[in-house]
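The tour goes stop by stop.

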Amino acid sequence: MENFKQLQKIIESNKKFLITSHVNPDADAICSELALYIILKKLGKEARIVNHSFTPYNLQFLDKNRVIERFDENFHKDIFNDTDVILVVDLNQMNRVVRMEQGLRLSKKIKICIDHHQHPENVFDLIIGGSEYSATGEIIYNFMKSTGIVDLDYDIAYQIYTAIMTDTGSFRFERTSSKIHRIIAELLEFGLNPTEIYNQVYDQFNFGRIKILGESLNSIELDSTGKIAFMTLPIEVQLKHNSVEADVDGFVNYCLTILGVQIGILFYELKDSVKVSFRSKGNIDVSKLASEFGGGGHVNAAGTRFFNMKIADVKNRIIEASQKYIIQ
Ligand SMILES: [Mn+2]
């Protein structure tokens with residue numbers, strides 16, 4: 001609450017804002033950025049959104065006015081200082097902004113983190129939120145309600161609804177509480193169409209994505225305990241189906257649909273790195289597991305990335321490390 005007031009004060013007493021989020025942004029990242037952008041614009045502030053990555057194609061509908069910019073080292077070299085405040089959303093580790101990391105770290109401007117992941121890095125002037133929130137969008141909703149900084153409207157409700165819908169796995173993950181449903185009920189009163197929003201996010205994928213899903217499911221193996229399921233997607237698979245990184249979002253969840261499996265892992269090889277995603281059931285803390293390898297996330301969903309490596313370089317040691325987290 002106190003932090004919400006501080007954030008309100010900082011917003012009201014400054015003029016220029018830079019908003020950014022993590023590599024390969026998900027809907028919560030994009031929607032939180034856009035919700036903040038709308039709030040700032042309503043207050044007559046200058047705001048821009050600049051991200052390391054392009055907005056994934058299935059989420060571009062959220063950015064109707066195409067305000068999100070993709071970071072370009074030359075074009076954007078002054079943005080970190082030509083601003084009053086930097087708002088970093090849906091991440092709490094600076095390395096998650098990749099090419100923008102150095103600029104952010106060196107900037108002397110006020111840096112604010114609005115996020116719901118575990119263990120924030122100690123580099124921000126103010127941290128808003130906490131891991132009790134289901135989505136960064138939920139934090140922004142609470143910020144608006146508790147400060148009254150601007151009123152909710154259709155456009156903000158649309159972003160916050162989409163953020164919460166996606167980050168709760170369409171209202172089924174752990175933090176889907178009665179409180180969340182009350183927020184959702186209020187948002188729907190602005191005239192949102194849940195069917196339309198769901199279809200936009202989940203029913204407009206490229207053909208290649210469903211083929212790569214097939215390859216992912218085909219690749220599933222169990223470890224020697226039978227309690228860890230893992231998928232392996234070498235670079236050839238991605239090239240064959242001409243898919244993009246965002247296409248595999250959520251595939252790892254299928255690992256948890258197997259009886260007795262406690263941890264799911266996806267090994268996903270990209271051109272420059274191997275991305276490893278973890279999912280777990282119950283109290284198994286995969287954010288801790290991911291942090292053993294320089295990553296992070298939530299208790300039940302986390303990940304890490306190994307640059308300049310192949311799947312074979314990391315697979316065995318990751319599975320071995322994961323076995324320590326299994327509950328017998
Ligand atoms: Mn999130």
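Two strands pair if DSSP finds at least two bridges between them. Helices (H or I, at least four residues) and strands (E, at least two) are DSSP runs, numbered from the N terminus. This is a predicted model, where local features need pLDDT of at least 70, side-chain atom pairs count only at pLDDT 80 or more, and totals for chains, interfaces and linings use all residues. Residues are numbered from 1 along each chain as its sequence is written, and side-chain values use heavy atoms, with hydrogens and water left out.

**Stop 1: strand 4**

Select strand 4. Five of its five residues are buried, so the rest of the structure largely encloses it. Buried means under 20% relative accessible area, exposed over 50%, partly exposed in between (1.4 Å probe, protein chains only). Colour by direction: V85, L87 and V89 point one way. I86 and V88 point the other way. In a regular strand, side chains alternate between the two faces of the sheet.

**Stop 2: the neighbours**

Strand 1 pairs with strand 4 in the parallel sense, over four bridges. Look for T20, which stands opposite V88.

**Stop 3: the manganese ion**

Which residues are the protein donors of the manganese ion? Select D28 (OD), D90 (OD), H116 (NE2) and D167 (OD), which lie 2.2 to 2.3 Å from the ion. Donors are N, O and S atoms within 2.8 Å of the metal (3.2 Å for Na, K and Ca); water is not among the atoms, so sites may look incomplete. The donor spacing in sequence is D-x61-D-x25-H-x50-D. D90 and H116 link distant parts of the chain, 26 residues apart. D90 is in the loop between strand 4 (85–89) and helix 3 (101–106). H116 is in the loop between strand 5 (110–115) and strand 6 (126–129). D90 is buried, at 1% relative accessibility. H116 is buried at 1% too.

**Stop 4: the cysteines**

Select C31 and C113. How many disulfides are there? Zero, counting a disulfide as a pair of cysteine sulfur atoms within 2.5 Å. The sulfur of C31 is 18 Å from its closest cysteine sulfur, in C113, which is too far for a bond. C31 is buried, with a relative accessible area of 1%. C113 is buried as well, at 1%.
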